[in-house]
Amino acid sequence: MNKMESIYLPQFTIGNNAFDAFSVEMGRYGSKVVIVHGERAWKASKDYVLPALDRAGLLVTGEILYGHEATYENMERIAESPEVSEADMIIAVGGGKCIDTVKLAADVVGKPVFTIPSIASNCAPVTKISIMYHQDGSFKDIPKLKQVPAHCFIHPQIVLAAPIQYLWAGIGDAMAKHVESAWSAKAGEALSYGSELGITAGTMCFYPMLKDAKKAMEDAGQGVVSEELQNTLLNIIVSPGIVSVSVHPHYNGGVAHALFYGLTSRKHIEERHLHGEVVSYGTLVNLLLDKDWGKLDQAYRLSQSIKLPVCLADLELEKDDPLDDVLEVTMANQELLHTPYLVTKESIRKAIADLEEYQPGCRQE
């Protein structure tokens, strides 16, 4: 094959001294930075970030609140600001929506963007896409960007300052990445190097979580930066990002995320449940639909142990709810454009029903 394939892998630094790398990583792009942040994220992180920038000899042209939603309106306001025009590079400090907004703004203005996640809930800090929403909070689209962020700096103490439920949900979201990418490619078609690389890397999103996630949650609750916690942070932020930037779009989604978008059409899900929390439930449905009993047993037991949802009641839904509206949205979602076999509303609903009766270690043929 002579078709060109380019892969831009994430670059990152992790540790409580991660910001000591500012001078090396940012200094090559210039001397002036603008910081675009979430409100709570900046309160938790500015006392770490600003002194580190000063030590690195970097001048801050401004501090900009990104807004409260990942919208094109907020992106355009950031891109057109004089502080961004004056800067050589942009630093995004916040959660996924903040970082995705800033990544898109940096892409538009053609400036490098560096990311500092304030929560460990997804791989937005290292990916080459932005998930954008309408001003009312409903999903809009997923623009592709020219590059991954120039570098991601993961400071565990900043992440620990956030409510622990974001880490909890991040575990669920990360585990879906392996399940969906491996499932989407299981029909046996020839895979590119990038897809093989990404799907292989995706195992890091799943198997280390089985070993580390429960201990990481316990350590985070006590404010302890342990090896298990750092491994879990990397397998929430970096490992899924490697999958995202490497695989063909066909292998970047599946039932777990499609069902998430379907379930969030119910207002209470959107308002009271976190992305990764809902996705983790969809992961179990995906595994049961596929009759992947080994991984289902492992994922189900971990979900039970850290109280991620394992049934409809955990998402405030009734067992006998037909979910017709949810499944209409699920089936229409781009996550199910490529499946290894025919997937229907009926097959997903049956998997949901079977999950209600599932007991670890018991197969339901």
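Predicted model: local features only at pLDDT ≥ 70, side-chain atom pairs only at ≥ 80, totals over all residues.
**Entry 1: helix α8**

I began with helix α8, which runs over residues 193-201. I looked up which of its residues are buried, and I found Gly 194, Ser 195, Gly 198, Ile 199 and Ala 201. These residues lie on the same side of α8, because they cover an arc of only 160° around the axis. I then turned to the other side of α8, where Tyr 193 and Thr 200 are exposed. Against which helices do the buried residues of α8 pack? I noted α7 (164-184) and α11 (239-246) as their partners.

**Entry 2: helix α15**

I next checked the length of helix α15, which holds 14 residues, 293-306. At 1.5 Å a residue the helix should span 20 Å, and I found its end C-alpha atoms 20 Å apart, so the two values agree. I listed the buried residues of α15 as Trp 293, Lys 295, Leu 296, Asp 297, Ala 299, Tyr 300, Leu 302, Ser 303 and Ile 306. I asked what covers these buried residues, and the cover includes α7, α9 (207-221), α14 (275-289) and α17 (345-357). Just after α15 I noted Lys 307, which takes a positive phi of about 65°.

**Entry 3: the largest cavity**

I looked for cavities of 30 Å³ or more, and the count came to one. The volume I recorded for the largest cavity is about 50 Å³. Which residues line the largest cavity? I wrote down Gly 172, Met 175, Ser 280, Thr 283, Leu 284, Ala 299, Ser 303 and Leu 308. Helix α14 gives the most, with three residues. By residue type, I divided the lining into four nonpolar, four polar and no charged residues.

**Entry 4: the second largest pocket**

I then examined the second largest pocket, whose volume is about 280 Å³. Its lining consists of 16 residues, and those nearest its centre are Lys 111, Pro 112, Val 113, Gln 147 and Val 148. Which helix provides the largest share of this lining? I found that helix α5 (residues 96-109) does, with three residues. I sorted the lining of this pocket into nine nonpolar, three polar and four charged residues.

**Entry 5: Asp 100**

I stayed with helix α5 to look up Asp 100, which is found there.

**Entry 6: His 275**

My last entry concerns His 275, which is found in helix α14. I recorded His 275 as partly exposed, because its relative accessible area is 28%, which falls between the limits of 20% and 50%. With its neighbours within four places in sequence left aside, His 275 is in contact with Asp 173, His 257 and Phe 260. I also looked up the separation of His 275 and Ile 158. These two residues are 117 residues apart in sequence, and their C-alpha atoms are 21 Å apart in space.

Definitions and conventions:
Residues numbered from 1 in each chain as written. Heavy atoms only, no water. Buried < 20%, exposed > 50% of the residue type's maximum accessible area, 1.4 Å probe, protein only. Helix = DSSP H or I, 4+ residues; strand = E, 2+ residues; numbered from the N terminus. Arc of directions from axis to C-beta. Contact = heavy atoms within 4.5 Å. Expected span 1.5 Å × (residues − 1). 1 Å grid on protein atoms, 1.4 Å probe; cavity = no way out; pocket = protein on both sides within 12 Å on 5 of 7 lines; lining within 4 Å. Points joined across faces, edges and corners; volume = space filled by probe spheres on them. Nonpolar A, V, L, I, M, F, W, Y, C, P; charged D, E, K, R; others polar.
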